[in-house]
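Please read them alongside the sequence and the coordinates.

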Amino acid sequence: MRLRIGSRGSQLALWQANHIAGRLRERGNEVEIQVIHTTGDKLIDVALAKVGAKGMFTKEIEEALASKQIDLAVHSLKDLPTELAEAFAIAAIPAREDPRDALCSMDYSAFEELPPHAKVGTSSLRREAQLRAMRPDLVIHPLRGNVDTRLRKLESGEYEAIILALSGLRRLDKTEMVRQVMPIELMCPAAGQGALAIEIRSGDGDVRAALEFLDDAAARAETECERALLKRLGGGCQVPIGANAKFSDGTLHLEAVVASPDGKTILRDSGKGEDATTLGALVGGRLLKQGGGAILEQVYAHAGPQPEQP
């Protein structure tokens with residue numbers, strides 16, 4: 001088949017698109033990549049939690065998909081809203097990279113070694129809330145830009161440390177400054193972190209069939225569980241919600257967190273089960289009853305409508 005892939009233009013997004021293109025070419029397909037600039041790419045000087053644009057990293061790509069300018073889109077799964085429009089479907093979720101966050105630093109080898117009032121960079125309210133819960137003294141500053149830009153800011157001394165997704169650093173082979181992989185119990189990742197999603201038009205059976213070999217059962221089960229929790233909580237990835245599911249021997253184990261932005265309140269719950277959506281909704285409901293609903297209402301009231309991406 002001749003397949004046109006839509007992708008954002010960042011270094012990481014293009015790595016992901018080229019990776020999928022390579023897998024498809026191995027199967028004899030003719031593949032080209034079209035770069036599509038999204039709203040989120042244009043708002044580089046604004047903290048993501050304050051933008052309030054649903055689907056800000058996916059809207060323009062889905063428009064190209066709907067108008068048949070492209071045949072499929074390769075996304076970081078955590079960029080996708082928890083509910084897709086009926087016109088679209090996730091045809092494949094390939095094998096997942098490590099979903100954990102990484103501490104990068106020039107001078108300190110672990111989170112515990114950061115000095116009092118250390119300046120830490122992150123673009124994520126989820127990370128910020130969990131950092132504040134562990135270390136209220138830290139000075140948290142927004143950090144936007146592609147991976148290279150963020151690492152350059154660290155190298156230049158603007159920050160004592162920055163927190164990035166380990167998956168992106170590994171995919172780009174830029175792990176030199178990784179000093180610590182953050183344990184799940186200290187820094188619960190975003191729902192879908194480390195996973196890719198290949199989106200198509202719902203009725204495009206030929207393209208779906210061409211992508212079927214890329215779908216990984218464990219990655220799909222884990223991410224469906226995490227996204228079910230996110231949906232139950234009514235949040236996007238820019239609210240302080242963490243979710244990590246692990247699929248093993250037919251059973252899912254889910255750990256989840258809801259935290260107030262100041263880190264003073266952090267709610268945790270976990271569970272295990274065989275059905276991804278049931279487990280995610282169950283743990284999400286328990287977090288709401290613990291007080292998660294009140295936390296999220298305050299976040300929404302302060303920041304306005306929340307974007308659905310990291």
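1. Across which strands does helix α4 lie? In this predicted model, α4 (residues 125–134) lies across β5 (101–104), β6, β7 and β8, and runs at about 130° to β8.

2. Five strands form an open, mixed sheet in the order β7-β6-β8-β5-β9. Because β7 (139–141) and β9 (178–181) stand at the edges with a single partner strand each, one side of each is left without a neighbour in the sheet. On average, and with direction ignored, neighbouring strands of the sheet are turned by 30° against each other.

3. Within the sheet, β6 (residues 119–121) pairs with β8 (residues 161–165) in the parallel sense, over two bridges, and Gly121 stands opposite Ile162 in β8. Helix α5 (residues 147–155) also packs on the sheet, where α5 touches β5 and β8, its direction making about 160° with that of β8.

4. The buried residues of α5 are Val147, Arg150, Leu151 and Leu154. They are placed on the same side of α5 because they cover an arc of only 95° around the axis.

5. Asn146 caps the N-terminal end, with a side-chain oxygen 3.2 Å from the backbone nitrogen of Asp148, whereas α5 is followed by Gly157, whose phi is positive, near 90°.

Notes
Residues are numbered from 1 along each chain as its sequence is written. This is a predicted model: local features need pLDDT of at least 70, side-chain atom pairs count only at pLDDT 80 or more; totals for chains, interfaces and linings use all residues. Side-chain values use heavy atoms; hydrogens and water are left out. Two strands pair if DSSP finds at least two bridges between them. Helices (H or I, at least four residues) and strands (E, at least two) are DSSP runs, numbered from the N terminus. Axes are lines fitted to C-alpha atoms, for helices over the stretch in contact, and angles run from 0 to 180 degrees between N-to-C directions. Contact means heavy atoms within 4.5 Å. Buried means under 20% relative accessible area, exposed over 50%, partly exposed in between (1.4 Å probe, protein chains only). The arc is that of the directions from the helix axis to the C-beta atoms. A polar contact is a pair of N or O atoms within 3.5 Å; within protein, one must be able to donate a hydrogen and the other to accept it, and residues adjacent in sequence count only if both atoms are side-chain atoms.
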